[in-house]
Amino acid sequence: MEEQTAGQAGPDGHGRRPGHELGHRRRRVLSERERDELVRRARAVLDANWRGQSTVPSGSLYPHQWSWDAAFIAIGRSWVEQDRAQRELESMFEAQWSSGMLPHIKFDPQVPDDAYFPGAGFWQSERSPAAPRGVPTSGITQPPLHARAALEIWHHAADRGRALAFLGRLYPRLAAQHAHLARWRDPDGHGLAAIVHPWESGQDNSPLWDSDLDHLQIPPGAVPPYRRYDVEHADADDRPTDAAYDRYVYLSISFREHAYDDRHLIGQRLFLVQPPLFNAIYLWSELALAEIAGLVGADPARHVAAAARIRRGVTERLWDPRTRRFLAYDVRTGRRIGRKSVDAALPLLDPDLPRAMVTAVAEELRSPDFDPPGEVEHYLIPSYDLRGRGFDPRRYWRGPVWVNTDWLVWHGLRQHGETGLAAEVEGSIVRLVERSGFHEYFDPFGGQGYGSDDFSWTAALLVDVLLRARSGTP
């Protein structure tokens, strides 16, 4: 096992304060044997959660297929199991609506409806004429990472012929997914996609959404009694509060009562936010779509143009020049949401992000708001400002470290040459799994694992990190 002394300048030339390293004062480099063992363990988690056609996020808490989970899982599998990686995405797209919308959950009819709330019986997707017949789904979406995942499968494919055929089948569906966002989720023509529910953000109960949820007035009797199964499989202290859940359910019922009509979802403006994370992934996948289009003989120009529109929206509407930070934009109030979150780092996924913005994002990630002094045991990257109002080190998206956002930021840092900070994020991912296993999320200070254990995207993205580093893939 090799070790690198903390505090010395990294490959990108950025020094650290003495003793300022993530989690521990010395950063270790895995041996090949250790790396292979972690990959083996991660693959065992994915195999245990495989259900024949797709992978559940966890065997207990999440018994169905989730949308952006499927994309993360496919990326990890693409290094070692091309067939299952392809099947993961194709299974998810069986749930796509005729409008192009890809729902955030595809329900397994073999799983009892009371095994998860809100289940298929709550969502009643069949109320919408756009929903697929015979495939029960939710009625909202999630970050559109899927084109990027499909391109990763192509890059890692052992059988390029089958991978190209797979891209040919999936490309029209991916293009329809993006077209739906452009047509129905850009309420004011700035090129950005707006989310209508916190569950669409991928950061369900982040403090970013508190003020918008607090403004909701729930009429008496509008939310019928329901049973939360998440708190039966995980500690209630790790999960969203009942008050927050009432608001999530109220929003979902409102959409259901209008048959998930896109005009209604945008028009009622109960919750309408344009977040950096969602739109950075939207842009990153639009660029992937352009590359896929070229591979399958379609015209990439429209995807290049779409990416440029999204880029303008991100850099003009979401960038706050005063604080030098990307902020979510609240369409309902016409103001940016002035809270610090890992969300603000995701525009690093844009390869053409201006250097001044890259520098500002990297500086904030190194600040005490996200990276306290080295004498304090800690891990990158907390999901919310360590010193912010609403921070909680263990409650879902209110502060814990998540491997998926770490992985996204890691990619962005690497492509912009911030290799020293990227190496620290990579080290944090590895150490968290070594310390606590494949949990859903982790305490940013002690590294304890919370939520579900044997979580699929934690396993899949660790595989990607370890095998990408070994292969030298940029």
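**Entry 1: H15 and H17.** I looked up how H15 passes H17 and found a left-handed crossing (left-handed if the near helix is turned anticlockwise from the far one by less than a right angle). Helices are DSSP runs of H or I with at least four residues, numbered from the N terminus. The model is predicted: local features need pLDDT of at least 70, side-chain atom pairs count only at pLDDT 80 or more, and totals for chains, interfaces and linings use all residues. I count residues from 1 along each chain as its sequence is written, and side-chain values use heavy atoms, without hydrogens and water.

I read an angle of about 25 degrees between H15 (residues 403-415) and H17 (residues 456-471), with axes 9 Å apart. That makes the two helices roughly parallel (angles under 35 degrees). Axes are lines fitted to C-alpha atoms over the stretch in contact, with angles from 0 to 180 degrees between N-to-C directions.

I then listed contacts (heavy atoms within 4.5 Å). Among them, Trp407 and Trp410 are on the H15 side, and Leu461 and Val465 are on the H17 side.

**Entry 2: H17 itself.** I found 13 of its 16 residues buried, so H17 is largely enclosed by the rest of the structure. Buried means under 20% relative accessible area, exposed over 50%, partly exposed in between (1.4 Å probe, protein chains only). Gly472 follows H17, with a positive phi near 75 degrees.

**Entry 3: loops.** I checked Tyr396, in the loop between H14 and H15. Its phi is positive, near 45 degrees. Tyr396 is buried at 7% relative accessibility. Ala259 also has a positive phi, near 55 degrees, but is partly exposed at 25%.

Definitions and conventions: Angles under 35 degrees count as roughly parallel, over 145 as roughly antiparallel, 65 to 115 as roughly perpendicular and the rest as oblique.
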